[in-house]
Amino acid sequence: MNAVFPGSFDPITSGHMDVLTRAARIFDHVTVTVMHNARKQGRHLFTLDERLEILREATAHFPNVSVDSFGGLLVDYMARQETGSVIVRGLRAVSDYEYELQIAHLNRQIGDAETVFIMAATRWSFVSSSMVREIASYGGNVSEMVPRASASALRRKHADVYAEREAELQAQTAGS
């Protein structure tokens, strides 16, 4: 049985990787799919191509994982998959469950697509892409919250902020 793990992955986090690692153990093949919406153009930190490249690098060690993108309804994407493929969604908290349950019901109603939920490990329950982006925008260390590919991409994206923060820390250390 195959699975599709959809998301915006802006960027992929350690919580996403935790869910993906376990999904890759359960399913024969997992396709990580960056869902993109033309109406949300410009709202992401990383372009679609950048997110795909980050994902390819972060998932390269999985023999049964591939990366793709799609711009439309997830159920339309699922209709093109192998029969019996399921949607995998990660959950961090009860608030995620309530939202994801509604979407799962809608996907089953309009496209006969089944959803499997995988709980993220407790240590990642507080990590979200939006929080990681914010911390990185101030030059904070996010290396424990994201895979190496995401951390590198965030450092490149915010190179000036990281350089300024490192200079401040060196000045503080020199003054001690």
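## A tour from helix pair to sheet to loops

Select helix 2 (residues 48-59) and helix 6 (residues 148-157): their axes come within 8 Å and cross at roughly 145°. Axes are lines fitted to C-alpha atoms, for helices over the stretch in contact, and angles run from 0 to 180 degrees between N-to-C directions. Helices (H or I, at least four residues) and strands (E, at least two) are DSSP runs, numbered from the N terminus.

Show side chains. Helix 2 makes the contact with Glu50, Ile54, Glu57 and Ala58, and helix 6 with Ala149, Ser150, Ala153 and Lys157. Contact means heavy atoms within 4.5 Å. By class, this contact has four nonpolar, one polar and three charged residues. Ala, Val, Leu, Ile, Met, Phe, Trp, Tyr, Cys and Pro count as nonpolar; Asp, Glu, Lys and Arg count as charged; the others, Gly among them, are polar.

The model is predicted: local features need pLDDT of at least 70, side-chain atom pairs count only at pLDDT 80 or more, and totals for chains, interfaces and linings use all residues. Residues are numbered from 1 along each chain as its sequence is written, and side-chain values use heavy atoms, with hydrogens and water left out.

Five of them form an open sheet in the order 3-2-1-4-5, with parallel pairing. Two strands pair if DSSP finds at least two bridges between them. Strand 3 (65-70) and strand 5 (115-119) are the edges, each pairing on one side only. Neighbouring strands are turned by 30° against each other on average, direction ignored.

Select strand 1 (residues 2-7). Six of its six residues are buried, meaning under 20% relative accessible area; exposed means over 50%, and partly exposed lies in between (1.4 Å probe, protein chains only). Asn2, Val4 and Pro6 point one way, while Ala3, Phe5 and Gly7 point the other. In a regular strand the side chains alternate between the two faces of the sheet.

Find Pro6 opposite Thr33. From strand 1 the chain passes through helix 1 (residues 14-26) to strand 2, a right-handed β-α-β crossover. Right-handed means that, with the strands pointing away from the viewer, the path from the first strand over the helix to the second runs clockwise.

On to strand 4 (residues 86-91), which two bridges join in parallel to strand 1. Here Val4 stands opposite Ile87. Six bridges also join strand 2 to strand 3, where Val32 has Val67 as its bridge partner. Return to helix 2: it lies across strand 2 and strand 3, at about 170° to strand 3.

**The cores**

A nonpolar core is a set of buried Ala, Val, Leu, Ile, Met, Phe, Trp, Tyr and Cys residues joined through side-chain atoms within 4.5 Å. Select Phe5, Leu20, Val30, Val88 and Val142, which touch the most other members of the largest core, of 37 residues. Helix 1 gives the largest share, five residues. Centre on Val30: its contacts include Ala3, Phe5, Leu20 and Ala23. Another core, of nine residues, lies apart, with Val4, Phe70, Tyr77 and Ile87 among them.

**Two loops**

Zoom to the loop between strand 1 and helix 1, where Phe9 lies. Phi of Phe9 is near 50°, positive in a residue other than glycine. Phe9 is buried, at 3% relative accessibility. Pro11 lies in this loop between strand 1 and helix 1 too, and the peptide bond from Asp10 to Pro11 is cis, with omega near 0°.

Last stop: Asp112, in the loop between helix 4 (94-111) and strand 5. Asp112 also has a positive phi, about 55°. Asp112 is exposed, with a relative accessible area of 64%.

Terms used. Lists of a residue's contacts leave out its neighbours within four places in sequence.
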